[in-house]
Amino acid sequence: MRIQVVMTLPREAASVPLARRTVAVALSSAGVAHDCVSEIEVALSEACTNVYHHAGEGDDYEVLINIGDEQLTVDVLDSGTGFGHRPTWPVASMPDHSAERGRGLALMTALTDSAVFDTVAGDGGSVHLMKRLRWADHAPLLTPAPATDGFAGLP
């Protein structure tokens, strides 16, 4: 199985829940375990929110979602100011519990198997997330279809 979703979104607050719901519906429909879907939703929301708050110039950004049998990759690309430099590992630690901001990179890193943050040729930011998928017990797209004689459903 391979599902690919490509979105070009306006750099507006309303684009964040749109991206989040799109990936959640695709993963849930395929049969990915609920807790895995939730982790991906939060990580993608953080990536999109960072574009909204920090990208600077640029009207649109892209979200590229690739779902396979074993893993999901998400790329969020903007044409803003970029990160200025490639963050070093560990990317970020959680800020003090009283802080109202600053958890995005740490959450993306904690909720995925790989998170890479970079500047795109000095002209924009790039977030690449990879997550190994955990499937629900009867995932519809991973369960082989029952054998038929070719006439199933015909009158």
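Modeller: What follows covers a helix pair and then the strands. This is a predicted model, in which local features need pLDDT of at least 70 and side-chain atom pairs count only at pLDDT 80 or more, while totals for chains, interfaces and linings use all residues. Residues are numbered from 1 along each chain as its sequence is written, and side-chain values use heavy atoms, with hydrogens and water left out.

Colleague: At what angle do H2 and H3 pack?

Modeller: Helix H2 (residues 34-54) and helix H3 (residues 104-111) pack at about 150°, with axes 9 Å apart, where helices are DSSP runs of H or I with at least four residues and strands are runs of E with at least two. Axes are lines fitted to C-alpha atoms over the stretch in contact, and angles run from 0 to 180 degrees between N-to-C directions.

Colleague: And which residues of H2 and H3 meet?

Modeller: From H2, Glu39, Val42, Ala43, Glu46, Ala47 and Asn50 meet Gly104, Leu105, Leu107, Met108 and Leu111 of H3, contact being heavy atoms within 4.5 Å.

Colleague: Switching topic, which strand partners E1, and in what sense?

Modeller: Strand E1 (residues 2-10) pairs with strand E2 (residues 60-68) in the antiparallel sense over nine bridges, pairing requiring that DSSP finds at least two bridges between the strands. Within this pair, Val5 has Ile65 of E2 as its bridge partner.

Colleague: What joins E2 to E3?

Modeller: A hairpin does, through two residues, and E2 pairs with strand E3 (residues 71-78) in the antiparallel sense over seven bridges. There, the bridge partner of Tyr61 is Asp78 in E3.
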